[in-house]
Amino acid sequence: MALKKTVEALLNQQLEKEYAAAAVYQAISIYFEQELLKGFAAWFKRQVSEERAHGAKIIEYMLDRGGAPILPAIPAPKMAYAAPLDALKAAVAHERANTAGIYACLAAAQKADDPATVEVLQWFVKEQVEEEKWADEYTQMLEKVAGSVGGLWAFDHRVEKLAQG
Ligand SMILES: [Fe+2]
Ligand SMILES: [Fe+2]
């Protein structure tokens, strides 16, 4: 059964969100490299691959269903942040926007009576729980270590370990 146009349009919108997140995370990774916070830099570099993989997953699925993926024009990401906390807050905002996008896709797939798309989107629903979890936790930790360079470096070290795992 062909992909309904309403569902196809929303999946293309989601494709844009995934690639936009990849670009934002690449910029955040560069920012952390420049701040000598190598753990955060590594973490965000890993997120770039993850977001690209999400985009690839959507493209592959659309093609499987005879849909037409459209590669989006990506807005230039912000390259500088006033503080690490601001970069993490940007990540939280992007993850929330991505979650909202997935939910919109899911609602459209349910309305279109398209169980195959619903099934694929369930994976993304779970993934977004994990994504929002790290973004929220890292933000909270940065709030806790505010003003402490030692605390920031210790946390960066922990994030570096998590980036390898
Ligand atoms: Fe994603
Ligand atoms: Fe994400």
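Start by selecting A109: leaving out residues up to four places away in sequence, A109 touches V7, D114, T117, V118 and L121. Two residues are in contact here if their C-beta atoms, placed from the backbone, lie within 7 Å. A109 sits in helix α3, and A109 is buried, with 23 other C-beta atoms within 10 Å. The cut-offs go like this: 20 or more other C-beta atoms within 10 Å of a residue's own (C-beta atoms being placed from the backbone) make it buried, 12 or fewer make it exposed, and anything in between is partly exposed.

Before moving on, a word on what you have open. This is a predicted model, where local features need pLDDT of at least 70 and side-chain atom pairs count only at pLDDT 80 or more, while totals for chains, interfaces and linings use all residues. Residues are numbered from 1 along each chain as its sequence is written, and chains are lettered from A and ligands numbered from 1 in the order in which they are written.

## Zoom out

Show the whole protein as a cartoon. How many helices and strands does the protein have? There are 5 helices and 0 strands, so the pattern along the sequence reads α-α-α-α-α. Helices (H or I, at least four residues) and strands (E, at least two) are DSSP runs, numbered from the N terminus. Taken along the principal axes, the C-alpha atoms fill a box of roughly 55 × 25 × 25 Å. Of the 165 residues, 35% are buried. Look at contacts between residues at least 6 apart in sequence: 79% of them join residues at least 24 apart.

## Stop one: α1 and α3

Select α1 (5-34) and α3 (84-111). α1 has 30 residues and reaches 44 Å from its first C-alpha to its last, close to the 44 Å expected at 1.5 Å a residue. That expected span is 1.5 Å times one less than the number of residues.

Two packed helices are described by the angle between their axes and the distance between the axes. α1 and α3 pack at an angle of about 165°, with their axes 9 Å apart. That makes α1 roughly antiparallel to α3. The contact is made by residues including V7, L10, L11 and A21 of α1 and A87, A90, G101 and A109 of α3. By class, this contact has 16 nonpolar, 6 polar and 2 charged residues.

Angles under 35 degrees count as roughly parallel, over 145 as roughly antiparallel, 65 to 115 as roughly perpendicular and the rest as oblique. Ala, Val, Leu, Ile, Met, Phe, Trp, Tyr, Cys and Pro count as nonpolar, Asp, Glu, Lys and Arg as charged, and the others, Gly among them, as polar.

## Stop two: two loop residues

Most residues other than glycine have a negative phi. Click on L36, in the loop between α1 and α2. L36 has a positive phi of about 65° although it is not a glycine. Is L36 buried or exposed? L36 is exposed, with 9 other C-beta atoms within 10 Å.

Next, jump to D113, in the loop between α3 and α4. D113 is another non-glycine with a positive phi, near 55°. D113 is exposed, with 10 other C-beta atoms within 10 Å.

## Stop three: α4

Select residues 115-144, which form helix α4. Its 30 residues should span 44 Å at 1.5 Å a residue, and its end C-alpha atoms are 44 Å apart, which agrees. Which residues of α4 are buried? They are T117, V120, L121, F124, E131, A135, Y138 and L142. Their cover includes α1, α2 and α3.

Now pick Q128, also in α4. With 19 C-beta neighbours inside 10 Å, Q128 counts as partly exposed. Setting aside neighbours within four places in sequence, Q128 is in contact with E95, N98, T99 and I102.

## Last stop: α2 and α5

Finish with α2 (38-64) and helix α5 (residues 149-164). α2 and α5 pack at an angle of about 30°, with their axes 7 Å apart. That makes α2 roughly parallel to α5. The contact is made by K38, G39, F40, A42, W43 and R46 of α2 and D156, H157, V159, E160, L162 and A163 of α5. These residues divide into 6 nonpolar, 2 polar and 4 charged.

Conventions: Axes are lines fitted to C-alpha atoms, for helices over the stretch in contact, and angles run from 0 to 180 degrees between N-to-C directions.
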